[in-house]
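Please have the sequence and the model open while I talk. I will go through a core, a pair of helices and a few backbone details.

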Amino acid sequence: MTQEPLDVVDAITGQWKSERPDLDTLPMAVFGRIYRIARLMGDRMEKEYQRYGIGRGEFDVLATLRRSGEPYTLSPRQLSAALMLTTGGMTGRLDKLERAGLLNRAPDPNDRRGLRVSLTEKGLRVIDQAVGAGLALQKATLDAVEPAQAEQLADLLRLLLAASAEPGARH
């Protein structure tokens, strides 16, 4: 009697085991689930952020400003580096967020050629609400495992992230 697959990744690895029994499919099982979780949760987070009038990309900009601490101000270059975006990609996001009244750009008082990007009061409200809602969604999903298991999972994923990075890359 054959056991039914527990999830779609079990089905995929089971097919590979049948077709190529010489392959160790454990890495496929681990990274396949990581990829699927990231996609599923990313889509759910995107829907959650839409309730606040922003997408994932805009969330990232606002969150980077928010977690930088008061006065919630960074240069476009600092934002680009933190989000690993080109300056062109960053400009588009900043334009959209500025039009929505969530941030503003002003000349840098310490650099005549530079700009400073700051959260507006509305931007601060939006990001605080969106991050709270996103974390509530993540916590509800993570409640499927015990708190000690969640801590262990976070530790194991930290190790995998470090092992996955290119030599010399930031984590």
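The largest nonpolar core has 26 residues, and those that touch the most other members are Ile54, Val61, Leu62, Leu65 and Leu79. A nonpolar core here is a set of buried Ala, Val, Leu, Ile, Met, Phe, Trp, Tyr and Cys residues joined through side-chain atoms within 4.5 Å. Buried means under 20% relative accessible area, exposed means over 50%, and partly exposed is in between, with a 1.4 Å probe and protein chains only. At least two residues of this core come from each of helix H2 (26–50), H3, H4, helix H5 (87–99), strand E3 (111–119) and helix H6 (121–142). Helices (H or I, at least four residues) and strands (E, at least two) are DSSP runs, numbered from the N terminus.

A word on the source: this is a predicted model, where local features need pLDDT of at least 70 and side-chain atom pairs count only at pLDDT 80 or more, while totals for chains, interfaces and linings use all residues. Residues are numbered from 1 along each chain as its sequence is written, and side-chain values use heavy atoms, with hydrogens and water left out.

Take Leu62 next. Which residues does Leu62 touch, not counting residues up to four places away in sequence? They are Ile54, Leu97, Leu102, Leu119, Val126 and Ile127. Contact means heavy atoms within 4.5 Å.

Now the helix pair. The axes of H3 (residues 56–67) and H4 (residues 76–83) come within 10 Å and cross at roughly 115°. Axes are lines fitted to C-alpha atoms, for helices over the stretch in contact, and angles run from 0 to 180 degrees between N-to-C directions. H3 and H4 are therefore roughly perpendicular to each other; the cut-offs are under 35 degrees for roughly parallel, over 145 for roughly antiparallel, 65 to 115 for roughly perpendicular, and oblique for the rest. On the H3 side the contact is made by Asp60, Val61, Thr64 and Leu65, and on the H4 side by Leu79, Ala82 and Leu83.

Last, the loops. In the loop between H3 and strand E1 (73–74) we find Pro71, and the peptide bond from Glu70 to Pro71 is cis, with omega near 10°. Tyr72 is also in the loop between H3 and E1. Its phi is near 55°, a positive value in a residue other than glycine.

Met84, in the loop between H4 and H5, has a positive phi of about 55° although it is not a glycine. Are Tyr72 and Met84 buried or exposed? Tyr72 is buried, at 13% relative accessible area, whereas Met84 is exposed, at 77%.
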